[in-house]
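I set out to look up how its parts meet.

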Amino acid sequence: MTRRRLPEWFLLLLPAIIVIAAVVLIPLIFSFYSSFTPYKLTRPSTLWKWVGTYNYEKILSDVKFWAAFGRTILFLTIALNLELMLGLGIALLVNKVTWGQRGIRTMLMFPMMFSPILVGFQFKFIFNDNIGLVNNIIQSVGFADVALPWLVDGKLAMFSILFAEIWMSTSVFAILILAGLFAIPRDPLEAAKVDGCTPWQSFRHITLPFLMPFIFIAMTIRSLDVARAYDIVQIMTGGGPARRTELLWTLMSRTGYVDARMGLANAMGYVSILLSILFTIYFFHKLSAARAELGMTG
Amino acid sequence: MANVTLDTVDKFYGKHQAVHGISLDIADQEFVVLVGPSGCGKSTTLRMIAGLEDISGGTISIGDRVVNDLPPRERNISMVFQNYALYPHMTVGENLGFSLKIAKMPDAEIASAVNEAAQILGLDELIDRKPAELSGGQRQRVAMGRAIVRHPEVFLFDEPLSNLDAKLRTQMRVEIKKLHKKVASTIIYVTHDQVEAMTLADRIVLMRDGHIVQVGTPLELFNKPVDVFVATFIGSPPMNILDGVVRGDQIQLTDDLAIKIPSDARGLVQDGQAIKFGFRADNLTPKGHGVSDEGEIATIDLEVSLAEPLGTETLLFAEIGGVEVQAKMLNPRSVKPGETLSFQLMLDKCHIFDADTGAAIRG
C-alpha cells in the first residue's frame, strides 16, 4: 500500500507560503474584492453584494479625492525637495567636522526617534494660535500684533504640517547622504583639486555624481513614507480646516472608519497606490541610471 | 621654466613629525625620483608639493613663486595617482579634457588637446569608454593622459605603477621615460621600488624616516652609497654586509677568515676598529666565472647552499660566519648545493662602513 505524499518542494515551501498568505495575500485579495462591493463596516452583509466598478467610477469623478490626490503630490514634492536640500547641506557640514562627529551624527537622528504622533502634538502646540510658541515669539518681538492662525488658515496649516514633516525627516536624508560622502574615494577629489577645480566645481562635477545613487535611495524610501503621511496631519489639523490639508490617507481613513464605507476606501487605496508605484519606478529608474553612470553594475 | 625648490620643509601630523626639514633643488626638466621604504615621508613630500597637504614649516617654490599658501589649482602642476583616481562617471575623453573644461577652454581646443594626448598614449580607440571598462594598464595611461593635456610645468607621480603586474610595469616604465623626453617638463616621481628609481631617474632622492639620506644619480647611489642603508636599499640583489674588525692590514670577518684591507682604505681605519664590510654579489664570483683576475682580489672557499639559475648568470647563496651572502656566476655551469667553490672577491669594489653609525668609510 502506498500513501500519497505531498511533493517535497511543496512541503519545504509551505511555511513561507503560509506566512505570505496570512500576511500579504489574504488581506490583499480581501481588500481588492471588497473594493468591488458597497462594503460598510456597520452592515457586514453588504460585503456579499457585488457592484462591479461602481466604487472606481465614483472615485474618478470625485473632486474631493482628486484634490487630496493632487495635494498629496504637492506635499510630497515640496517635502522631498526641501528635505533633500537641507539634508545635503547638513551632511556636507557634518562631513567637515573633525571633532565630535560621532556625537553630532547621533544627535542628527533624534528627530527620527520620536513617534510621528508625538511630533504632531508637539507642533500642534508650537503652532497653536493662542498659546503656541511661534505666535508668542512673533508677538513679543513685535513682528505682528495679531495672532497668526497657523493651523486654521488653509495655506498656513499646510506650511505648518510641512514644517513638522521636514523637521522630523530631514535627518533621513542627512544620514544617507553622509553615508554617501563617507563612501566617496578620496583620490578623484584630489585629482579634481589638482585639475584646477574650485571647491564648488569639485562638488558639482565629482561629489554630486557620486552622491546621486544615495540621493535616489533616500528619495525612494522617503517618497513611500511621505505618500502615506497620516499621523502628523491627523493630529495637527485632522485634514481640516474644511479639507484644506486633506491628504490621501486622511481622506481614506475618514471614508473607511468615520463614514464606515470600507469598500469605497479600499478602492481609493488601490487608485492611490498607483502614486507610490509611479514614484518608486521613477526613482529606481533614476537610481540605476546614476549607478550606471558611475560604472557600477546591477 | 619650472625648477622646484624645497627649503627646510617640515611636516607634522599632530605631534608626529613625518618630514624633517628637507631641502632639495630640482632643476627644470629634471626627472627626480623620491624613493624609500614605506613611511619614509616621500609621498607626504610629493603631496606637499602638489598642495594636497599643508606645509608645516619651510618653503616650497615652483619656478620662482613660493607656493606654500597656493591651492593646487594655482600651482600649474599635474599629478598621477597610485589608484589612477579617474572620474568613474566620465568617459576617457571627458576624463582627459576635464581640466581644460574647468579652465573654460573652447570646445574645439579641448578636442584637439584630448586627441593629441590620446594619440601620444595610444588611447584613440578607447576615447568613449568609461574607466570601469578599461584594464589596469589602460587606466594608468588615461591617468597619465589627464596629466599631460594641460602641459603643466611640473608632473608629480605618486607610485603610479604599483598596482600593475610586473610585465606591464616594465612596459609602462619605458613609456614614462619616453613621455618625459616628449613633454620636456620637470617630473617628480615617488616609488618604493628601487628598480623603478634606478631606471627612470636623472637623480634619485633616497629618504628614510622623514630625512633625505642621499641625493645623486643612480650610479652614484649604486657605487658610492653614503651608508649601509643606501647600500642595502639600492641594487638587486642587495649588497652583502658582514661584521668585521680591523686587525693590522686585514679585516677579520670570522675566526678563520681574514681579508686584506683594500690599499686605498688603509689610512681610513684604525687597528681594532669594528666595521661593516660590504660587497655586491657581482664582485664575488667563482674563479673562472667572473670578470677578470686583475686588481686586488681575495680568494675565499665557500660551500654553496643554493643556486638560482637566471640564464645568463646564476645567483649562488653561501654563508660567511653565519651570514648569508650572495654571489654571481657568469657563464654559468650547473652547481649542486653542497659543492665547494673557490670564489674571488674584488677588494677594490668593496665598501667599508662604520659599525656604529653605518656611515661609509670607504664608499
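Entry 1: a salt bridge. I looked up Glu190(A) and found that it forms a salt bridge with Arg47(B). The closest N and O atoms of this pair are 2.5 Å apart. I note that the model is a predicted one, and that these distances are computed from it. In total, I count two salt bridges between chain A and chain B.

Entry 2: the rest of the interface. I recorded eight residue pairs in polar contact between chain A and chain B, both residues of each pair being at pLDDT 80 or more. I then asked which helices of chain A supply at least two residues each to the side that touches chain B. They are helix 9 (186-194), helix 10 (199-227) and helix 13 (262-293) of chain A. Helix 9 of chain A gives the largest share of that side, with eight residues. By residue type, the side of chain A that touches chain B divides into eleven nonpolar, five polar and six charged.

I next looked up the extent of the interface. Contacts link 22 residues of chain A with 24 residues of chain B. The area buried between the two chains is about 2,000 Å². Carbon and sulfur atoms give 60% of that area.

Entry 3: the sheet of chain B. I found an open sheet of four strands in chain B, in the order 2-1-4-5, with antiparallel pairing. Which strands stand at the edges? They are strand 2 (16-26) and strand 5 (65-66) of chain B; each has a single partner strand, so one side of each is left without a neighbour in the sheet. Strand 5 of chain B runs antiparallel to strand 4 (residues 57-62) of chain B, and two bridges join them. Opposite Val66(B) in strand 5 of chain B stands Ser61(B).

I also noted that helix 1 (residues 42-50) of chain B packs on this sheet, where it touches strand 1 (4-13), strand 2 and strand 4 of chain B. The direction of helix 1 of chain B makes about 115 degrees with that of strand 1 of chain B.

Entry 4: two helices of chain A. I looked up helix 4 (residues 101-108) and helix 8 (residues 154-183) of chain A, whose axes come within 9 Å and cross at roughly 145 degrees. Helix 4 of chain A makes the contact through Gln101(A), Arg105(A) and Leu108(A). On helix 8 of chain A, the contact residues are Ser171(A), Ala174(A), Ile175(A), Leu178(A) and Phe182(A). I sorted the residues of this contact into five nonpolar, two polar and one charged.

Definitions and conventions:
Residues numbered from 1 in each chain as written. Chains lettered and ligands numbered in written order. Predicted model: local features only at pLDDT ≥ 70, side-chain atom pairs only at ≥ 80, totals over all residues. Heavy atoms only, no water. Axes fitted to C-alpha atoms, helices over the stretch in contact; angles between N-to-C directions. Contact = heavy atoms within 4.5 Å. Nonpolar A, V, L, I, M, F, W, Y, C, P; charged D, E, K, R; others polar. Pairing = 2+ DSSP bridges. Buried area = accessible area lost by both parts, 1.4 Å probe. Salt bridge = Lys/Arg side-chain N within 4 Å of Asp/Glu carboxyl O. Polar contact = N/O pair within 3.5 Å; in protein donor to acceptor, adjacent residues only side chain to side chain.
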